[in-house]
Amino acid sequence: MAGVEPVPGVAKPDPILVATGVRRSFGGLTAVDVAHLEVQRGTITALIGPNGAGKSTLFNLLTGFDRVDAGEWTFEGRRLNGLGGHRVARRGMVRTFQLTKALTRLTVMENMLLAAPGQTGERMLGALLRPVWRGQEEANRARAEQLLERFKLLAKKDEMAGSLSGGQRKLLEMARALMVNPSMIMLDEPMAGVNPALVQSLLEHITALRDDGVTVLFVEHDMDVIMGISDWIVVLAEGRVIAEGRPSDIRADQRVIDAYLGAGHDDGAEQEPQTDTGESHE
Ligand SMILES: Nc1ncnc2c1ncn2[C@@H]1O[C@H](COP(=O)(O)OP(=O)(O)OP(=O)(O)O)[C@@H](O)[C@H]1O
């Protein structure tokens, strides 16, 4: 991303995702108010910000799981406004979801097959198209096995997803998202609840996705992870993009330091201003 100025809303050479004027309020609270944001194709871009900054809401809006109040966005040059999550996924932009209770009661393989393309309408057309359908199911199963192998979960394919460790669940979430062969994947806190021993392996999987040409946008709180693998970082605070740039730009950005300190985030160097030292200031 050489030559791209680290300023909020900056244009990028080959953006895969472009959002303009995207706003979402809940009651009187403006959760997201993004004037302009471009995600460069083929990069790992981190979306960071203090708690409540609007990161999850922005993810939900862009992937069709929530509705904007205003604004528009394009993916691969095509408008996505008004499309639901499944149709957005079919266009090639998928997000990971935490495994819900229901999904933990299915096997690993069943989870993979549920995420496969073309799940809707099959029952209706099933009688008519049974041979085609069967072929599709075989192809889905083959792809699922390939992905499970890649994420070292193949041996677990017949086990309940609920029996997986935190890290293995994250791998399964990633593998599920890849069932539709996306060109962009959005990861919501991929490292949350992951045993430190698995963090390195997850990081390698994320960089491997990028190296395979998949654009990655991820929300994460762990600064070491963010600084370690991101090509570009976008900082949200109170719904707005307050900074964006390479890790070195972001580390030195006073607005970012202020936003994190203001929200009481622990970056390892902050001092709590209101700490009672036991001395009287009167
Ligand atoms: N469905 C909702 N109804 C009402 N308020 C909401 C809803 N979803 C989000 N909010 C509010 O919008 C703001 C942004 O929330 P959001 O979850 O997007 O932040 P976030 O940056 O993802 O935070 P975190 O890092 O804690 O996950 C918060 O103040 C939150 O309370």
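A residue is called buried here if 20 or more other C-beta atoms lie within 10 Å of its own, exposed if 12 or fewer do, and partly exposed in between, with C-beta atoms placed from the backbone. Helices (H or I, at least four residues) and strands (E, at least two) are DSSP runs, numbered from the N terminus. The model is predicted, and local features need pLDDT of at least 70, side-chain atom pairs count only at pLDDT 80 or more, while totals for chains, interfaces and linings use all residues. Residues are numbered from 1 along each chain as its sequence is written.

**View 1. Helix α1 is mostly covered.** The buried residues are K55, T57, L58, F59, N60, L61 and L62. After α1 comes G64, which has a positive phi, near 80°.

**View 2. Helix α6 is mostly covered.** Spanning residues 166–177, this helix of 12 residues reaches 17 Å from its first C-alpha to its last, close to the 16 Å expected at 1.5 Å a residue; the expected span is 1.5 Å times one less than the number of residues. Of the 12 residues in α6, 10 are buried, namely Q168, R169, K170, L171, L172, E173, M174, A175, R176 and A177.

**View 3. E76 has a positive phi of about 50° although it is not a glycine.** E76 is found in the loop between β4 (70–75) and β5 (78–79). E76 counts as partly exposed because it has 15 C-beta neighbours inside 10 Å.

**View 4. E189 is not a glycine, yet it has a positive phi of about 45°.** The loop that holds E189 lies between β7 (184–188) and α7 (196–211). With 17 other C-beta atoms within 10 Å, E189 is partly exposed.
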